[in-house]
Amino acid sequence: MAEQNEQTHPLYASDRDAVDALLGHQGEPGPDQLTTAARLVMRYADFPGADDIKNDIQKAVTAWGLDRDSLNNKCRDIWSSGWRPGQAIGAEVGSGADVDDRDS
């Protein structure tokens with residue numbers, strides 16, 4: 001009898017939702033989509049199982065005209081720019097405590 005080596009990842013359910021959102025994204029991917037895809041590619045690259053997630057991430061990345069290397073390069077640029085998850089593109093980083101808030 002052959003031993004089954006496939007496993008279920010503990011984050012499968014939330015990752016499945018994230019992958020479904022990537023597949024349903026319309027238009028050019030933004031930093032959120034790109035970094036989510038790269039994070040999931042890394043998480044599942046050597047994981048023994050979750051082939052559906054692996055295949056669907058690849059579909060999304062390919063649909064964006066990217067491969068793993070170009071996805072990583074884009075993400076490296078995104079992170080280097082100071083962007084963080086949940087931050088709007090071009091938003092200022094910081095608490096705003098140093099901003100003069102007087103009415104003129």
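Close-up 1. H9 belongs to the segment before α1 (12-24); helices are DSSP runs of H or I with at least four residues, numbered from the N terminus. A polar atom of the H9 side chain lies 3.0 Å from the backbone nitrogen of L11. Not counting residues up to four places away in sequence, H9 touches D15, R43, Y44 and F47, contact meaning heavy atoms within 4.5 Å.

**Close-up 2. The largest nonpolar core.** A nonpolar core is a set of buried Ala, Val, Leu, Ile, Met, Phe, Trp, Tyr and Cys residues joined through side-chain atoms within 4.5 Å. The largest one holds 21 residues, of which L34, L40, I57, V61, W64 and L71 touch the most other members. At least two residues of this core come from each of α1, α2 (31-44), α3 (51-63) and α4 (68-80). The largest share, six residues, is supplied by α2. Leaving out residues up to four places away in sequence, L40 touches D15, A18, V19, L22 and I57.

**Close-up 3. A50 in the loop between α2 and α3****.** Although A50 is not a glycine, its phi is positive, at about 55 degrees. Most residues other than glycine have a negative phi. A50 counts as buried because its relative accessibility is 10%.

**Notes.** Residues are numbered from 1 along each chain as its sequence is written, and side-chain values use heavy atoms, with hydrogens and water left out. In this predicted model, local features need pLDDT of at least 70 and side-chain atom pairs count only at pLDDT 80 or more, whereas totals for chains, interfaces and linings use all residues.

Notes. A polar contact is a pair of N or O atoms within 3.5 Å; within protein, one must be able to donate a hydrogen and the other to accept it, and residues adjacent in sequence count only if both atoms are side-chain atoms. Buried means under 20% relative accessible area, exposed over 50%, partly exposed in between (1.4 Å probe, protein chains only).
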